[in-house]
Amino acid sequence: MSDSDYQSDTLNDVIPESADVRRVVVLISGSGSNLQALIDAQAHDELGGEIVAVISNEPAAHGLIRAKEAGIDAVVLPHREYDSREAYDGALIKVIDRHAPDLIVLAGFMRILTPRLVQRYLGRMLNIHPSLLPDYQGLHTHARALADGVMEHGCSVHFVTEKLDDGPVVLQAAVSITQDDTEERLKDKIQAREHLIYPIAVKWFLAGRLHFSPDGATLDGTRLPARGLRLSHADAAEELDEE
């Protein structure tokens, strides 16, 4: 599939649908497995809204194909065509705003966001990170967990703030590490948990149940713990039918 199959600039007019439909824009850079989990939830009326656009900074991202196959606007905005992070994020803001989203979801978007972009969407932008935050912020989380010999690892959905991987945590899912676990095996286990909890957090937000504040996220008006709600290894394994 060529780049010409996708919208590739910021000049395309987008007419928002009814305001009754809660709108989601998803930002990706790669395969889009978490995007697919959100698409599947939407197909089963389990998302509480509609994914109206998928935007990628990488023209070859497989997630664009997933979006196209689901009938979702797939927009390529290559970061290499901009001479600074600020210029790129300025263009990205224009694309996002043309789709009038209620929520922006980062699903493997491998860009450090500028303060301008974060502040514009503060409180309505979620990310998923492959660790039990605040542990292992940043990259290579699985390798670091294995090297440290910890017994438990996992993933976290959190609100995005200016500090990397530091926004209020909403929901986590844990996995017990065994002696047989390799980095790749651990990645697969955690990715399955990402696909489980990300649609849940998105649905909470779109339903008006989940809110941001600098002091922490709230669900149904109640302040969540610092690490958010946590799905244990046993509970997640049961939900995923793991042996």
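What follows is a close look at one pair of helices, with a brief visit to two other places.

Modeller: Happy to! Please keep in mind that this is a predicted model. Two packed helices are described by the angle between their axes and the distance between the axes. Let's take helix 5, residues 141-148, and helix 6, residues 183-206: their axes come within 9 Å and cross at roughly 120°. Angles of 65 to 115 degrees count as roughly perpendicular and those over 145 as roughly antiparallel, so helix 5 and helix 6 are oblique to each other. The crossing of helix 5 past helix 6 is right-handed. On the helix 5 side, the residues that meet helix 6 are His142, Ala143 and Leu146, and their partners in helix 6 are Glu183, Leu186, Lys187 and Ile190.

Now for helix 2, residues 62-69, where Gly63, Leu64, Arg66 and Ala67 are buried. Viewed down the axis of helix 2, these buried residues fall within an arc of 155°, so they line one face of the helix. Their cover includes strand 1, helix 1, strand 2 and strand 3. After helix 2 comes Gly71, with a positive phi near 75°.

One last stop is Asp166, in the loop between strand 6 and strand 7. Asp166 counts as partly exposed because its relative accessibility is 38%. Beyond its neighbours within four places in sequence, Asp166 is in contact with Gln137, His158 and Thr161.

Notes: Residues are numbered from 1 along each chain as its sequence is written. This is a predicted model: local features need pLDDT of at least 70, side-chain atom pairs count only at pLDDT 80 or more; totals for chains, interfaces and linings use all residues. Side-chain values use heavy atoms; hydrogens and water are left out. Axes are lines fitted to C-alpha atoms, for helices over the stretch in contact, and angles run from 0 to 180 degrees between N-to-C directions. Helices (H or I, at least four residues) and strands (E, at least two) are DSSP runs, numbered from the N terminus. Angles under 35 degrees count as roughly parallel, over 145 as roughly antiparallel, 65 to 115 as roughly perpendicular and the rest as oblique. A crossing is left-handed if the near helix is turned anticlockwise from the far one by less than a right angle, and right-handed if clockwise. Contact means heavy atoms within 4.5 Å. Buried means under 20% relative accessible area, exposed over 50%, partly exposed in between (1.4 Å probe, protein chains only). The arc is that of the directions from the helix axis to the C-beta atoms.
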